Amino acid sequence: MNTKTMLYIVKRVLLAILTVWIVITVTFFVMHAVPGGPFQGEKAITPEAQAALEAKYGLDKPLMEQYTTYLKDVVTKLDFGPSLKNRGREVIDIIADGMKTSAKLGVIAAVSALIVGVVLGSVAALRRNKIIDRVIMVITTAFVSMPSFIMGTLLLLVFAVILQWVPANGATTGGLILPVITLALYPTAYITRLTRSSMLDVLGQDYIRTAKAKGVSAAKIIFGHALKNSLIPVITYFGPMLAYIVTGSLVVEKIFAVPGIGRSFVSSITDRDYPMIMGTTIILATLIVVMNLVGDILYKVVDPRINLE
Amino acid sequence: VKKKPFSMHVDLDAFIPATDKEKEYMVQMRPSSTFFKDGVKRLLKNKIATISFIIIVILSLTSIFLPMFWPYGYDQMLGMDSIGRMDASYGNISPFRYGDTEMERILGTAKVHQVFLSTNKAYLEDVVFEEVKESAGLTAATAALDAAKAELKALKEEGSGATEAEIAFAEAKVDVYEALETAEKAVNSATNAENEIKALYDATAAAAKKAEDLGLKDDLSVNVNTVQGAISPVSDRKAEAIDARDKTLAAVNAFAVLTAESSAEDIKAAVTTVNAAAEMASAATKATKATIEEAETVSDKARQVVFAKEQKAVADEILAAFTAKNVSADNYKALGENLPEGAVYTYFDGVKHKEYELDTPVSDWLWKMGSFNSVKRSAGDTAVIETANGCFVLCFEGYKGGGEKIFPHVFGTDAHGRDYFIRIVYGMRVSLAVGLFASIIVLVIGMLIGSISGYLGGKVDLIIMRIVDIIYSLPDMLMVILLASVLKLVLGDVIEGTVFEKIGSNIISLFIVFGLLYWVSMSRLIRGQILSLREQEYVLSAKCSGAGSGRIIKKHLVPNCISVIIISTALQIPSAIFTESYLSFLGLGVNAPMPSLGSLASDALNGYASYPHRLIFPAVVISLIVLSLNLFGDGLRDAFDPKLNK
């Protein structure tokens, strides 16, 4: 690793930290711009009770003081404060609880999307313009055009309600099958197309022709030369895929009633549970930023030819 | 040398090869093609992109113009009155069905009855009586006739040597035996008629007895008396027929004495006697027919009354079960076994309307009626009524046909009783408009910032690009959700009373979010384009020729950027529609009652198992729009940016 790469990584990390700070700041100020404050819409409470509540949650202090306190708490202790709707529970505990299910869901979806996508993409590239290639491309085009919530509800309707092959509730055993499929379909389709085009690109390279001329077996060409190199563009999709899975899981968890972080985020929006919205946004945003960072650095390390700036 | 104008000689000048100048001229005269003409040609060659474009145009035109002709409004709740909800039957109607009030308008209000069980005359069994088909006398007469015919045939054959007199006698013989056969047949018929009238009497008497037992008010003794009165005339006629037959026999015997040698007058006289006697027998029999028919009608009437009464008991049982609403499948079967089998009719005010083949047992048919859709029906409105001919039928109440024509709810209605098709059309309009405006906003902001940054360069470029980098690394969807959820609260008060209120705070916040976040990729793209174009030699040459910045931008930079701009805008639309539907699903989309495809789909999630069509229609439309926009955008890119082609 040369100094140029090191410099790039340092720059990238700094940008990531800056991004996370901006996310926290934007979230904080956006949330405090809400008219009426967080206690609006609850049962009519006396001004004294309101004042007491504000004092308890530190809402009576100046905005900048609240901001610095919040920033310090978040950075040092991951303390997002207590949830307003789930009284007596810390936001970070709710997030940690939901994270277990969501992480399982997301990781399975990501891994299956990678495996299926790479396999299908390679098959499509190696059988270019044959029937199987056409079928794969048509199906992936269709999946790319279908919003995840529509895909999810249609899958739910067909497989859980009409055919009753799998349970409709995501909290039961086997209930994660449909959410995983729903979440994985779009990335799978995308990775398939990505792999296909980069594989086609690689197959046209000189070193593949050289290998063929030397009499290397087809299997060795595919697995030893072509596949490895054609996976490089897939690495760039690592970050966007995670972002898709995180945002996609919001609706998917709502549809399938998966007790994950996405469902509590969606319900916190409708409940106007501000600490919860802020906490979840910050955690998920950090996750996405970090994953984008990892993807970019990996990309640079794997293929040093790439000039990033 | 001056050329002769009409000379037949070959003009040698015409064969001189073209000079270089001429060749150049011809090259220039070829039809020129601009970049855009070329691009459009390439686009039209791409069938998928062309079809997608046609679909987009059709959908857009539909969403703009169809609501003008559609009889329902997107927020018009059907079955509503100024007082409030009048008719709850409009909610969640399946495609091509109607609400109750509409059904009444279509069918009118006169009650008609759908008959599924009727005790018509057809169900009465015929009265059985002993029928004589071949009496001994008839057999003998037929045999004699056959013999006479054979004899005549033998005589008529050539070479038999029969005299004319012999043939004439044989012919007379055939006539005589034919008459005898007629007389015998008449007697047979008369006997049958007597038997039938006696059987009718028995049946009528039995029916009358039964009616008395059942306590019917109808006095069937009249019917019994009528039938009984018919017996003696029929018997008299029978006696007459027998008498005539006997006379015929005597005449035949008298004829038998004669031979071929007898005088022609004698033979003729004998034949006339036989025929006259036979005719008397036939006349007597014919006279019975009218009497019998009359008696039959009377008897049937009597028996029908009793039969209907019996059926009414069965029908009442079913009605009671219907009213009690405790009809189970087994219950139905038991009831159905008592019902007669036969055809099922639909009557509108007594006029037979439709006939159904009853291929299944009545009990099964009762079940089928539950899903019978041409006439409104519910479990409570079953009745036993009496038809014109005095029979009782069990039927379902309906409404009179032939009323108003009402436009169907093509896609059914939603949970609030609004026509779903027009909501989808409006949803399409909203989604397409949101996609288009969001793209335009992104385009304007991105183009402005991108071209400034690219053209000015230096420190401005550096600062703008750092901001772009930061916004680019923000997780866009989360920020969109965050901003949209807060902005719609903030904007609610700000836009109150202005034009924007009609559009709704949610859509405005959506546009603001798009303007804030999504311009970055567009500005990057344009900056890159401007940067590379600025270094092109033709820009340098324009500068050298003394062109100002304005001319360079207008004539050189913009035209070369425009294809990239159009393509990325076209591809931005589906992603904006995507984002809008996603936010609608989270409840951050358009304000109710305005529909968007996303909000329609997310509303349909309540009760998707019972009303899947409410989910499927918007899902199909949104997928179609996004798919065709994507494919069209791809086609556009391939056609207008050939540098990207591999």
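I counted salt bridges over all chains and got 19, taking a side-chain nitrogen of Lys or Arg within 4 Å of a carboxyl oxygen of Asp or Glu. The model is predicted: local features need pLDDT of at least 70, side-chain atom pairs count only at pLDDT 80 or more, and totals for chains, interfaces and linings use all residues. Side-chain values use heavy atoms, without hydrogens and water, residues are numbered from 1 along each chain as its sequence is written, and chains are lettered from A in the order in which they are written.

**Entry: one salt bridge**

I looked up D296(A). Its partner is R12(A), with the closest N and O atoms 2.9 Å apart. The pair joins distant parts of the chain: D296(A) lies in helix α13 (residues 274-302) of chain A and R12(A) in helix α1 (residues 3-32) of chain A, 284 residues apart. Helices here are DSSP runs (H or I, at least four residues), numbered from the N terminus.

**Entry: chain B against chain A**

I then turned to the interface. Chain A gives 43 residues to the contact and chain B gives 36; contact means heavy atoms within 4.5 Å. The two chains bury about 3500 Å² between them, with 83% of it on carbon and sulfur atoms. Buried area is the accessible area (1.4 Å probe) lost on putting the two parts together, summed over both. On the chain B side, L478(B), L482(B) and F585(B) supply 18% of the area buried against chain A, more than any other three residues.

**Entry: α7(A) and α11(A)**

Helix α7 (residues 177-203) of chain A packs on helix α11 (residues 238-256) of chain A at about 150°, axes 9 Å apart. That makes the two helices, α7(A) and α11(A), roughly antiparallel (an angle over 145 degrees). α7(A) passes α11(A) in a right-handed crossing. Among the contact residues are L183(A) and Y186(A) of α7(A), and Y244(A) and G248(A) of α11(A). I sorted the contact residues into eleven nonpolar, three polar and no charged.

**Entry: α3(B) and α20(B)**

In chain B I checked helix α3 (residues 47-69) against helix α20 (residues 612-640): the angle is about 135° and the axes are 8 Å apart. The pair α3(B) and α20(B) is therefore oblique. Their crossing is left-handed. The contact includes F53(B) and I56(B) of α3(B), and S628(B) and F632(B) of α20(B). The contact of α3(B) with α20(B) divides into eleven nonpolar, three polar and no charged residues.

Technical notes:
Axes are lines fitted to C-alpha atoms, for helices over the stretch in contact, and angles run from 0 to 180 degrees between N-to-C directions. Angles under 35 degrees count as roughly parallel, over 145 as roughly antiparallel, 65 to 115 as roughly perpendicular and the rest as oblique. A crossing is left-handed if the near helix is turned anticlockwise from the far one by less than a right angle, and right-handed if clockwise. Ala, Val, Leu, Ile, Met, Phe, Trp, Tyr, Cys and Pro count as nonpolar, Asp, Glu, Lys and Arg as charged, and the others, Gly among them, as polar.
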